[in-house]
Amino acid sequence: MSQGKIIKVSGPLVVAEGLADANMADVVRVGEQRLIGEILNMTGDRASIQVYEETSGLGPGAAVETTGAPLSVELGPGIIENIYDGIQRPLQEIVKRTGANLQRGVEVPALSREKKWSYTPAAKVGDTVIGGDVLGTVPETSVVLHKIMVPNGISGTVEWAIGPGEYTIETVIAKIRTEKGELKELTMVQKWPVRIGRPYQKKFNPVAPLQSGQRVIDTMFPIAKGGTAAVPGPFGSGKTVVQHQLAKWSDVDIVVYVGCGERGNEMTDVLREFPELVDPRTGETLMKRTDLIANTSDMPVAAREASVYTGITIAEYFRDMGYDVAVIADSTSRWAEALREMSGRLEEMPGEEGYPAYLASRLAQFYERAGVVECMGSEARRGSLTAVGAVSPPGGDLSEPVSQATMRIVKVFWALDSSLAYRRHFPAINWLNSYSLYLDTMKVWFDEHFGPAFMANRHRAMALLQEESSLNEIVQLVGKDALSADDQLTLEVAKMVREDFLQQNAFMDVDSYSSFDRQMRLLSLILDYEKLARAAVAKGAELGDLLAISAKEEIGRAKFVEAEKYQAEYAAIREKMEREIGAIAQKGGEDA
């Protein structure tokens, strides 16, 4: 450790001298209150430090002490159901100790040292182990079995292993004799630097979809497990609700939700909702598989920059156990603003719109840590990490640097549209501007599980929506009545796709979540109506009669049918629709 003293304070940036022995990215303790900070750059014995807490009261001459270690997170039992700030300080534990207002310089371990966990050993004396091998397991929650792994870089023979029982995370659970003859004592907790991605053996192409229960996402613009996605949109277009829906209903084992610079009331909504919501996959509360990182807009800006790295490192740790993990970052724009502020204080040459020149590479470092991997260890395990980031472009301008840099990296783009939001169409994902580059790779999965009809219906629905966009321009010039019956039917069916399929109410229990099977059957109903109606029009049937049938009205209400009854109800609607359209077609044929 080395000690220096402050010579300059500029908001969260502190410059100290006398730190010749320190290294880049070292964590330091600043001033009498021992505020936590990180070295950003070194010039001789001078270090520029970003402090993760409020710096008011600090002045020249105050002591700065290095810890000799980079910013790291503690990984072990106790992460799930916890609420951390951007540098993994447990907020609930701090509140218990200091009261509702967080005090500066509070030092609380990220994981409880007192709590005992029920440990079951998996490795026995004489086993040869390498980094990533499972030493034992702990049932962290009723739905997450926490695997205690050998830290990366350690390999050898197990000389001693503890038996099953209740232990704290600091209890030595195994002793390993390495190839160099050293004896390593291992506990349930390990540390990992947040800015370095955790290693894996091999990376695979993402091929299986992540089911979110949102029809516009799952059917139209699906994301693969292990994929990357961005949700850009202006203020009030529903980014946070889309993120919440993904965190609630995605069919992953673990969710890490990073509230990065968002409003405090939005994080409060998450904290209140998640313990009450029931996971459709497990029947347990959603908090049993969730870790929250709350770094709201009123918290120090420097910690906002660290929060996304903290979140993705925790996610990689669970991925290494062989789990499917999703990281939801809300929002990367606030994170980029923190980068811009720190860059300005460091007097770096600004890039476009004042953002640092390395903005795109930092975003890529975050998103590139997603993927489907073969985990480290001698036992074959495969895990996935899906990264979804919200982008908040000022005024909804998607040409700004953060949106453009994100679009170059991610493979799924859900473009939120304020005009749709103002029309109360939610989720306000614009079907003409959004895209998914995983459709081709996931086609095999969809064909295998739902048959070729799923993707065929998806492409037909998209074609109808695009035709509607072209026809609307003609309608504005000459009016709807000037169109042919076929074109009028196209407009009507496209409206059904928009209102009866794409629109979804996140606050209505029956419509908040929709399974793949239900989505397929509902879209199939709408498109079957189109086929039957077109055939009837060709036989001379009146379009007005086809639009007035009661089955069409029932299709409009089909998404509100209870989950247990939808299959029977949809079959009944189809039967009624065929009967009614058949009668109209027959009448049209007779009149002709």
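For sorting residues by class, Ala, Val, Leu, Ile, Met, Phe, Trp, Tyr, Cys and Pro count as nonpolar, Asp, Glu, Lys and Arg as charged, and the others, Gly among them, as polar. The model is predicted, so local features need pLDDT of at least 70 and side-chain atom pairs count only at pLDDT 80 or more, while totals for chains, interfaces and linings use all residues. Residues are numbered from 1 along each chain as its sequence is written, and side-chain values use heavy atoms, with hydrogens and water left out.

**Exercise 1. The largest cavity**

Task: State which residues line the largest cavity and how they divide by class.

Solution. 
Step 1. On a 1 Å grid over the protein atoms alone, a cavity is a set of points where a 1.4 Å probe fits but cannot get out; a pocket is an open set with protein on both sides within 12 Å along at least five of seven lines; lining residues have an atom within 4 Å of a point. Grid points are joined across faces, edges and corners, and a volume is the space filled by probe spheres set on the points.
Step 2. There are 3 cavities of 30 Å³ or more, and the largest cavity has a volume of about 50 Å³.
Step 3. Its lining consists of Ile 148, Met 149, Pro 151, Thr 187, Met 188, Val 189, Gln 190 and Tyr 317.
Step 4. By class, this lining has 6 nonpolar and 2 polar residues, with no charged residues.

**Exercise 2. Strand β3**

Task: Determine whether the residues of β3 are buried or exposed, and identify the strands with which β3 pairs.

Solution. 
Step 1. Buried means under 20% relative accessible area, exposed over 50%, and partly exposed in between (1.4 Å probe, protein chains only). In β3, 5 of its 5 residues are buried.
Step 2. In a regular strand the side chains alternate between the two faces of the sheet. Asp 26, Val 28 and Val 30 lie on one side of β3, Val 27 and Arg 29 on the other, and all are buried.
Step 3. Two strands pair if DSSP finds at least two bridges between them. β3 runs antiparallel to β6, joined by 4 bridges, and Val 28 has Thr 66 as its bridge partner in β6.
Step 4. β3 also pairs with strand β4 (residues 35-43) in the antiparallel sense over 4 bridges, where Leu 35 is the bridge partner of Val 30. The hairpin of β3 and β4 has 4 residues between the strands, and Gly 31 takes a positive phi near 70°.

**Exercise 3. Strand β2**

Task: Explain why strand β2 is largely enclosed, and name its pairing partners.

Solution. 
Step 1. Strand β2 (residues 13-17) is largely enclosed by the rest of the structure because 4 of its 5 residues are buried.
Step 2. Strand β1 (residues 3-10) pairs with β2 in the antiparallel sense over 5 bridges, with Lys 5 opposite Glu 17.
Step 3. β1 and β2 form a hairpin with 2 residues between them, and Gly 11 in the turn has a positive phi of about 60°.
Step 4. Strand β5 (residues 46-51) and β2 are also antiparallel, over 4 bridges; Val 14 has Ile 49 in β5 as its bridge partner.
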